[in-house]
Amino acid sequence: MKPISFTFSILVTLAAFLASPANAQQSAANQKPNIVHIVADDLGWKDVGFNGCTDIKTPNLDKLAATGAKFTQLYVQPMCTPTRAALMTGRYPFRYGLQTIVIPTAASYGLDTSEYLIPQCLRDAGYKTAIIGKWHLGHADRKYWPKQRGFDYQYGAMIGELDYFTHDEHGVLDWFRDNKPVHEKGYTTQLIGADAVKYINEQSPNKPFYLYLAFNAPHTPYQAPKEYVDRYPNIADLTRRTYAGMVTCLDDEIGKVVAALDKKGLRENTLIIFNSDNGGTTNAMFAGQMADLSKTKLPCDNGPYRDGKGSLFDGGTLVCALANWPGHIKAQTVKGLIHAVDIYPTLAKLAGASTEKCKPLDGVDVWDTIAEDKPSPRTEFIYNVEPFRGAVRQGDWKLIWRTMLPSSVDLYNLAEDPYEKNNVAAAHPDKVAEMQARLETAGKESAKPLALLWIGQTAMKSAIPLLPTDEGLYTDDDADPAPPKIANEH
């Protein structure tokens with residue numbers, strides 16, 4: 001009887017050990033990582049503390065940057081829709097027609113449904129998938145909506161330039177949960193943060209999740225709760241003061257998301273990535289259409305980098321960014337080249353997900369660069385290719401080619417001139433010809449910009465009207481609710 005009693009005692013002890021919180025955390029750590037990808041909207045490169053901002057407080061982002069990887073060369077597309085498309089597909093948006101401006105509100109097109117998106121890829125690998133926040137990759141037809149593109153759960157705006165308090169534009173709602181309009185009170189940044197915390201609290205440590213947390217802050221209109229604006233009495237300019245409140249509110253909500261991961265015991269097995277979708281807005285042409293900002297001093301600060309949103313200069317495409325995963329990413333400044341298209345294959349590799357269903361990816365796996373600051377496998381990327389302009393980087397060389405007459409060419413050596421002040425095209429004709437040839441090749445591989453096709457079509461005939469109802473927006477021949485008529489960002 002003693003051996004049996006002894007065996008039973010060992011089993012009880014083992015069961016208690018396996019049930020202990022410490023062991024549960026160790027078990028979770030051996031699983032595929034959870035992924036929380038946080039995207040800000042039109043955030044200036046220097047509008048976070050970890051890039052040297054002194055008048056806006058971002059302690060939660062600063063802590064993530066200090067204990068993880070702070071990127072100095074993470075590039076995206078010049079505008080919202082193209083960047084989001086690059087993140088979702090791992091492919092340059094010129095390959096499927098989303099390279100030019102954002103998707104206009106009245107337009108019927110969206111991200112090509114033959115593209116195999118990252119939530120589909122990760123879901124096939126056993127992940128739960130969610131988008132909380134802004135989509136802006138197709139809204140007029142339900143086939144383009146997140147729930148139809150691989151996300152198990154959706155909450156937020158289908159387009160994204162909306163009133164932060166009413167969640168509409170000119171009285172038309174753009175706020176949805178799982179394809180259904182949601183009427184609720186609250187400031188969008190705080191609603192998005194609260195929903196992300198709720199989602200995290202519902203997760204099990206036994207099944208990995210991918211959360212695409214896409215805030216619409218600090219995009220126009222510049223609105224913030226009074227208590228956040230009041231935190232910055234020393235900022236004299238009201239627009240900058242409001243913008244500061246928006247950024248700090250965003251930072252607070254990100255802090256709550258990190259705290260929820262900690263409390264749930266998921267932090268040690270969760271990779272957090274943060275970046276803006278493009279540079280901060282410095283040209284009123286790209287500031288949105290809900291208000292005339294042509295006479296307003298725009299509040300975004302891209303630091304020493306030239307220009308901003310909408311531009312092919314680095315002020316429009318080089319963004320504030322970081323990654324943090326305790327025990328897996330060293331505290332460091334990562335200097336290697338990374339482009340938005342690289343996020344897809346990097347996450348797929350970490351998740352053990354197959355990319356066989358994808359069309360040929362432009363992205364490459366940059367995990368060793370992120371985790372250990374090893375040299376990036378990327379030596380070239382295409383800033384963008386459009387019929388009227390294009391830009392490419394090869395090593396330290398960057399070429400911007402404006403093809404509309406009168407045409408112009410800029411060539412910069414970013415190692416010597418990171419702020420693009422000295423155009424050396426005339427001194428390096430062979431390099432210019434070589435890089436122009438690369439853009440010509442990319443141009444031949446490009447799909448026609450859907451935005452330009454749509455503009456041409458609407459110039460020939462009137463667009464189908466979008467008719468507001470008390471539940472959102474309907475076309476006159478579609479029974480499905482579609483998001484509201486929100487003004488184009490361009």
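Reader: Which members of the largest nonpolar core touch the most other members?

Author: The largest nonpolar core of this predicted model has 90 residues. A core is a set of buried Ala, Val, Leu, Ile, Met, Phe, Trp, Tyr and Cys residues joined through side-chain atoms within 4.5 Å. Buried means under 20% relative accessible area, exposed over 50%, partly exposed in between (1.4 Å probe, protein chains only). The members that touch the most others are Phe71, Met88, Tyr210 and Tyr212.

Reader: What pLDDT do local features need here?

Author: Residues are numbered from 1 along each chain as its sequence is written, and side-chain values use heavy atoms, without hydrogens or water. Totals for chains, interfaces and linings use all residues, side-chain atom pairs count only at pLDDT 80 or more, and local features need pLDDT of at least 70.

Reader: What share of the contacts with a separation of 6 or more joins residues 24 or more positions apart?

Author: Contact means heavy atoms within 4.5 Å. The chain has 13 helices and 20 strands. These are DSSP runs numbered from the N terminus: helices are H or I with at least four residues, strands E with at least two. Among contacts with a separation of 6 or more, the share from residues 24 or more positions apart is 70%.

Reader: What fraction of the 490 residues is buried?

Author: The chain's accessible surface comes to about 19,800 Å², with 55% belonging to carbon and sulfur atoms. Of the 490 residues, the buried fraction is 57%.

Reader: What kind of aromatic pair do tyrosine 155 and tryptophan 175 form?

Author: The structure holds 18 aromatic pairs. Rings of Phe, Tyr and Trp (its six-membered ring) pair if their centres lie within 6.5 Å; planes under 30 degrees apart are stacked, over 60 edge-to-face, the rest tilted. For tyrosine 155 and tryptophan 175, the centres are 5.3 Å apart and the planes at 75°, so the pair is classed by definition as edge-to-face.

Reader: Where does tryptophan 175 sit?

Author: The pair links distant parts of the chain, 20 residues apart. Tyrosine 155 is buried at 1% relative accessible area, and tryptophan 175 counts as buried at 1%. Tyrosine 155 is in strand 5; tryptophan 175 is in the loop between strand 7 (172-173) and strand 8.

Reader: How are the planes of phenylalanine 381 and tyrosine 383 arranged?

Author: Phenylalanine 381 is buried at 1%, and tyrosine 383 at 0%. Their ring centres are 4.7 Å apart and their planes at 50°, so the pair is tilted.

Reader: How far apart are the end C-alpha atoms of helix 6?

Author: Helix 6 runs over residues 188-201, which makes 14 residues. The expected span is 1.5 Å times one less than the number of residues, which comes to 20 Å for this helix. The model agrees: its end C-alpha atoms are apart by 20 Å.

Reader: Which residues does threonine 189 touch, leaving out those up to four places away in sequence?

Author: Threonine 189 is in helix 6. At 0% relative accessibility, threonine 189 counts as buried. Its partners are Tyr164, Phe215, Ala217, Cys249, Leu250 and Glu253.

Definitions and conventions
Accessible areas come from the Shrake-Rupley method with a 1.4 Å probe; for residues, only the protein chains shown count as cover.
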